[in-house]
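This report describes a protein model in plain terms, one region at a time. Please keep the sequence and the structure in view while reading.

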Amino acid sequence: MALFTPLPAPDLPRDFGTAPQAARSAPARDAHLTDLPGYIDLPWDRPWTTASGRDRDVVRVPVDAAVPARAAHGDDPRAAWLSVLALFVRRFSGQPRFPVVVTAADGRTSCAAVTVPVGGSFREAATEAARRLRTADSAAPATPAWLSGRLRAGAAADGAHPFSVALVLEPMAGEGATAGADADLTLRIRADGGVRLDYATALVDRSTAERFADHLAAIAEAAGSRPDHAVEDSDLLPERERMQLLARLTQPAPDPAGPVSVSARVAAVAARTPQAPALSQNGRVLTYRRLNEAVDRLAHRLARQGVGPGVRAAVFLERSPAYVVAELAVLRTGGVCVCLDPADSDAWIHTMLAEAGPAAVVTHGGLALRLPRAVRDRPRLIVTAEADDTAAEPGPAFPEPPADAATPSHFSYTSGSTGFPRGVETRHGAIAHLMDWAPKAFALTPDSTVSWASSPGFAISRIEWMPALAAGARLEIADRRATTGPERLHDWLSDRNVSHALLTTSTAERLWSLERSAPAGLRLLLSVGEPLRQPPPPGLPYQVALSYGSTEAAVVTCSHDARRGPSAEPAGPFAVGRPIDGVQVLLLDEADRPVPPGVVGRVHVSGPGAEGVARRAGGVLPVLEGLTATAPMLPTGDLARALPDGSLEVLGRQEDHAWVGGRSVHTKAVERALCGLAGVRDAAVLARESGGRTVLAAYVVPAGNRPFSPHRLLAELVAVLPTPARPQIWVPLDVLPRLAGGKLDRQKLAALGPALRTPPAPAAEEPAPQTPRVSSWFPAPDWG
């Protein structure tokens, strides 16, 4: 019995069966295809080229062709499979409307403008597909070649890569094999019940095509078994990916390789190599023995002030050896270190102290005057860090109380780059995991010289000095002058023979863009804090690594080599690598269901340091049958997708995602495009309301003496960005506003208005959070 039955045609013209296809209405065809996107944004393995459709291969879709027809109630047999194909494209691309060429069993072709109803059932999706097909059948015929040409014309106008998909019903196995051959992806439904996926091998690897086939089968099975079930409430993850996910998420975290406390690890290094250099600043060197003795002395003083296991104590000092001693001393008592940064305002320092409620504050005379009066009026709360305490005679060792992975170690604050800073408590297990992972990942040895150049209150400073000291390396501490510009930083790194440097992304990009030789001795540059916008230039004599994470997740989640050796090509600018050992990353949709590779989802993290925070913050448990043993996962607020090699591509914050002109735009991608243009030193992009609609505003720091020209920049962006992603408001700035830790201050950027006129920030030894000067506006902005 044939699978396909004659097509009902109640809405078709009377002469449809006898009139040649060319006689059908071309205007009608074009009318119902208006306002469609100029491309279909599936996660292809390679970009489209003029030769992309020539070589083809086919994979089997593991489902019977009759299965999804149960959702169609005997309507046009094309409708059920068209709805399956439409749901597949929407799931992988996020596009709710797109064109599909459909070839029926009798050879007739149509181009359907598919719209996937949001919140509907599978049956409703099939009914909508049938309605779209009737509209398409009354119009002029369309072929994949015609659709590809139309898409490519639209994509050229949008500055995007075009792709096309097709659905072909074959009357008998093997027949109709050439129909749809011009499409980049063709779903073939055979009369004998077989389903095949035909694909262009220049675009798609076989492994990706097989994964696509598994997802098409999962959608078809769900539509056939539960036709009236809401699509959004259905778990559409194929069984193969489900099992892989369960196996990954149920892997136990590795046990610490040594004591969980960094203070205890430093003591162990001091016992092994007491005369090895531990800290150095401005030529003054402190050995591990002297460092450990200073930590013991201060720990005794803190204990007399009531600091002990679980008790918070604040450290309010500049980046210096004294700061390292103070933080280690708090941890040696078993206390919880509250990290404060002198670069912050007095008002914010007072707020943090009021929230944290420390039993003591380690500081010195000058900074003590900035403490709130309630603290200064109680002298017992202040423990003075003596400048020469490290040269004193050794005293009795302080018996560090035992700690486990769940014991709190730090109370610190997020950067506040996207909102009000939040206090986050970190546990010893997260720090121990970092100390175990970093030396192996970055080849840290006792012969390494590691820089510390970030702000002391910045959580990522832990990546700099804690793993270095735990590995017995030498920590070179930058003074204020060394961090006032990329040129001075370059000279300081060379003079100190630094082998491993950690810098915020914006600083790293400026460093490797200098027109001078690389710092002597530098082997690894670690970029952290923000997504990479400008890939490192080829030929650098040192390795560039990217680390992605957050304060809540104990800083490091993923790490990635941006260049694999001096001669390697730079990797993708937003790839942040695979999750590090012991850390699990899930990308979830709005219903907290895992999304497949290639699909954009919300980043959630589980692992050392993340579980406890997730539980306290109401973290989510992914919706997946059988996923009951895993801990709640911490939402980071980022959007990302998994790349074919398993690494993570971070697209930005959820608030960086905007709908402009009905199209989804990621502002980070626009920033990357801007920073890649000649004459642009730095740039940021925000979505703004203007005249009742959403537009993009570009804040640009011109490079050198090149005049600022929005017209020139727009002309260059036409080749790389679609129309909605091109900024309509342009703001030239002398400098982007940044927080003390180096991250972009988006709140201050958003507050800029056309009436703002502020002078440049005064020159200083170490720049405070920067306030930009607006020099002109183009065009005149309407802030709504």
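## An enclosed helix

Helix α9 covers residues 321-332. Helices (H or I, at least four residues) and strands (E, at least two) are DSSP runs, numbered from the N terminus. The twelve residues of α9 reach 16 Å from the first C-alpha to the last, close to the 16 Å expected at 1.5 Å a residue; the expected span is 1.5 Å times one less than the number of residues.

Eleven of the twelve residues of α9 are buried, so this helix is largely enclosed by the rest of the structure. Buried means under 20% relative accessible area, exposed over 50%, and partly exposed in between (1.4 Å probe, protein chains only). Among the buried residues are Pro321, Tyr323, Glu327 and Arg332. Just after α9, glycine 334 takes a positive phi of about 90 degrees.

## Basis and confidence of the model

The model is predicted: local features need pLDDT of at least 70, side-chain atom pairs count only at pLDDT 80 or more, and totals for chains, interfaces and linings use all residues. Residues are numbered from 1 along each chain as its sequence is written, and side-chain values use heavy atoms, with hydrogens and water left out.

The pLDDT is the predictor's confidence in each residue, from 0 to 100. Its mean over the protein is 75, and 72% of the residues reach 70 or more. Over residues 172-177 the pLDDT is below 50, and this stretch has ten contacts in the model beyond near neighbours in sequence. A contact means heavy atoms within 4.5 Å. Where pLDDT is low, the predicted coordinates should not be read in detail.

## A buried serine

Serine 409 belongs to strand β13 (residues 408-413). Its relative accessibility is 1%, so serine 409 counts as buried. Leaving aside residues up to four places away in sequence, serine 409 touches several residues, including Leu331, Cys337 and His428.

## Nonpolar cores

A nonpolar core is a set of buried Ala, Val, Leu, Ile, Met, Phe, Trp, Tyr and Cys residues joined through side-chain atoms within 4.5 Å. The largest one has 77 residues, and Trp81, Phe88, Leu167 and Leu187 have the most contacts inside it. Helix α2 (residues 77-93) supplies the largest share of this core, ten residues. Apart from this core lies another, of 49 residues, among them Leu291 and Leu444.

## The six-stranded sheet

Six strands form an open sheet with mixed pairing, in the order β1-β6-β5-β4-β2-β3. Two strands pair if DSSP finds at least two bridges between them. The edge strands, β1 (56-60) and β3 (109-115), each pair on one side only. On average, neighbouring strands of the sheet are turned by 25 degrees against each other, direction ignored. Axes are lines fitted to C-alpha atoms, for helices over the stretch in contact, and angles run from 0 to 180 degrees between N-to-C directions.

Strands β4 (residues 165-170) and β5 (residues 185-190) pair in the parallel sense over six bridges, and valine 165 stands opposite leucine 185 in β5. Helix α5 (residues 206-225) packs on the sheet, touching β1, β5 and β6 (195-200), and its direction makes about 40 degrees with that of β1.

## The three-stranded sheet

Another open sheet has three strands in the order β28-β29-β30, with mixed pairing. Strand β29 (residues 693-702) and β30 pair in the parallel sense over four bridges, and tyrosine 699 stands opposite valine 731 in β30. Helix α18 (residues 667-675) lies across β28, β29 and β30, running at about 145 degrees to β28.
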